[in-house]
Amino acid sequence: MSPVPSSSDRAHVLIAGGGFGGVETMLALRALAPERVRVTLVSDSPSFAYKPAATMEAFFETPPLAYDLQAIATDVGASFRRDRVEAVAAEAHSARLASFAHLHYDALVLAVGARAASAIPGALTFRDQHETHHIRHLMSELRSGTLRRIIFAVPSGCSWPLPLYELALLTATRLGELDVSGEVMLVSHETTPLCLFGAEASPLVANLLAERGVRFIGGSDPQSVDRSGALALASGETLDADRVVAAPKLGGPKIAGLPADRRGFITTDALGSVIGLPDVYAVGDMTSFPIKQGGLAAQQADVIAQRLAFDQGATVAQPRARRVLRARLVGGANPVFLRTELDELGQATAATTLHGHFNDSESNTPPEKVFGRYLSPYLRARAPQVA
Ligand SMILES: Cc1cc2nc3c(=O)[nH]c(=O)nc-3n(C[C@H](O)[C@H](O)[C@H](O)COP(=O)(O)OP(=O)(O)OC[C@H]3O[C@@H](n4cnc5c(N)ncnc54)[C@H](O)[C@@H]3O)c2cc1C
């Protein structure tokens, strides 16, 4: 281990974005190189929004789960600045913010997430915690009998289908509890349910859907909703529905100075370096990795933090890209844990499925749906923000 630098000589790590990727990077740097780097977090929101809680929040009337970024930054000895990164001048090692300030960095970690847009014209797009009131309204229409048949739709190109499965399961469960008749369908481009977790996971998820009476129609690419409410499929067929709720399509961020693919995503090497830009790294939903998931964002963040800690002389293990996809699927009688490893193209290489140990009442508490090496234990000990 090389000597610890004086505080003025510490490398300045600028992190853009206070979501799963950005917060895990901060926590990992504190753990791996506590006195070797100086960290500034810039985020355009004062809160770290725990988006995966959105599906449950729609049904349990709980406020949006979020954490205060200033408080997290204070805990880890970082500076927090509420602002937006708008341009990167990589050669000059400088980022321009919306306030027109320029911040110099030694290393820049971009974790600004993706932009979610409607994928199926005419459908209600469920993006995140901002749409929970639509689901509550839809439930009240089902209760009153105004609606009967509801379709949850997963179009091709969807980078994280799990929320639509949860919404379908939670809707069917609630209808059963209220003894209200209604028809819940899940229409997906996937050939078998949640096949991104590998062949072993699909029968388990299929059983769960069947148990709750959710009809799964796979291998069908939903395209648009017509005036009568019917869902048109790529095959030319249509499915009658009173409402269609769809997953969004994601696009990359708009930050000047970054090379992007045709959908705006940023390509990195296996260890998180943005191709062609010195000392610039990217993690999470903004990258071109096909599956966009908080747990993957956290793993990418850990690898980058290890690299940065190593570069600053800390004794750390050799960084190695691992992509373990873990999820806690809620909506059935008990949460189900799904796990697989992914190759560099995002294909499942091995699957293990586990039944959860949580009971129903516990599944209604702030959910631990994202697995981050440093984030999970940290959030367990930190109180969420009060809405
Ligand atoms: C309904 C739903 C359910 C989900 N369920 C799960 C689940 O069960 N498990 C799981 O692992 N994942 C789940 N995900 C996916 C997970 O939420 C995302 O993959 C994760 O949020 C990505 O993390 P990120 O850090 O890349 O981006 P984000 O979490 O989106 O954070 C990006 C941050 O950057 C800020 N920002 C944006 N632009 C700028 C800018 N220019 N400058 C500065 N700051 C900026 C934003 O305000 C935000 O704070 C779910 C997502 C949704 C919507």
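This is a predicted model: local features need pLDDT of at least 70, side-chain atom pairs count only at pLDDT 80 or more; totals for chains, interfaces and linings use all residues.
# Chatting through the model

Me: Okay, and how do β2 and β5 pair, over how many bridges?
Reply: They pair in the parallel sense, over four bridges.

Me: What's the order of the open sheet of five strands?
Reply: Reading across the sheet, the order is β5-β2-β1-β9-β20, and the pairing is parallel.

Me: Which strands stand at the edges there?
Reply: Those are β5 (79-82) and β20 (280-282). Each has a single partner strand, so one side of each is left without a neighbour in the sheet.

Me: How much are neighbouring strands of this sheet turned against each other?
Reply: On average by 20°, with direction ignored.

Me: Which strands does α1 lie across?
Reply: Helix α1 lies across β1 (11-16), β2 and β9 (107-110). Its direction is at about 165° to β2.

Me: Switching topic: which strands form the open sheet of three?
Reply: That sheet has the order β6-β7-β8, with antiparallel pairing. Its edge strands are β6 (85-89) and β8 (102-104), each pairing on one side only. Neighbouring strands in this sheet are turned by 25° against each other on average, again ignoring direction.

Me: How many bridges link β6 and β7?
Reply: Four, in the antiparallel sense.

Me: What's going on with His93 in the hairpin of β6 and β7?
Reply: His93 takes a positive phi near 55°, and the hairpin has four residues between the strands.

Me: Now the bigger picture. How is the chain divided into domains?
Reply: Domain 1 covers 7-114 + 252-311, and domain 2 covers 118-248. Their centres, taken over C-alpha atoms, are 32 Å apart.

Me: How many residues does the contact take from each domain?
Reply: Domain 1 gives twelve residues to the contact and domain 2 gives 13. On the domain 1 side, the largest share is five residues from α2. By class, that side of domain 1 has seven nonpolar, two polar and three charged residues.

Me: What do β13, α6 and β14 make?
Reply: Together, β13, helix α6 (residues 201-211) and β14 make a right-handed β-α-β unit. The two strands, β13 (residues 183-188) and β14 (residues 214-217), pair in the parallel sense over four bridges. Within that pairing, Val187 stands opposite Ile217 in β14.

Me: Last topic, the ligand! How many residues surround it, and which are the closest?
Reply: There are 37 residues around the ligand, and the closest are Gly17, Gly19, Pro52, Gly113 and Gly284. The elements giving two or more residues to that shell are α1 (20-32), β2 (37-43), α2 (54-60), α5 (162-178) and α7 (294-311).

Me: What does the shell look like by class?
Reply: It has 17 nonpolar, 13 polar and seven charged residues.

Me: And where does the ligand lie relative to domain 1 and domain 2?
Reply: Both domains give residues to the shell around the ligand, so the ligand lies between them.

Conventions. Residues are numbered from 1 along each chain as its sequence is written. A residue is near a molecule or strand if its C-beta atom, placed from the backbone, lies within 6 Å of it. Ala, Val, Leu, Ile, Met, Phe, Trp, Tyr, Cys and Pro count as nonpolar, Asp, Glu, Lys and Arg as charged, and the others, Gly among them, as polar. Domain bounds come from an automatic or database domain assignment. Two strands pair if DSSP finds at least two bridges between them. Axes are lines fitted to C-alpha atoms, for helices over the stretch in contact, and angles run from 0 to 180 degrees between N-to-C directions. A crossover is right-handed if, with the strands pointing away from the viewer, the path from the first strand over the helix to the second runs clockwise. Two residues are in contact if their C-beta atoms, placed from the backbone, lie within 7 Å.
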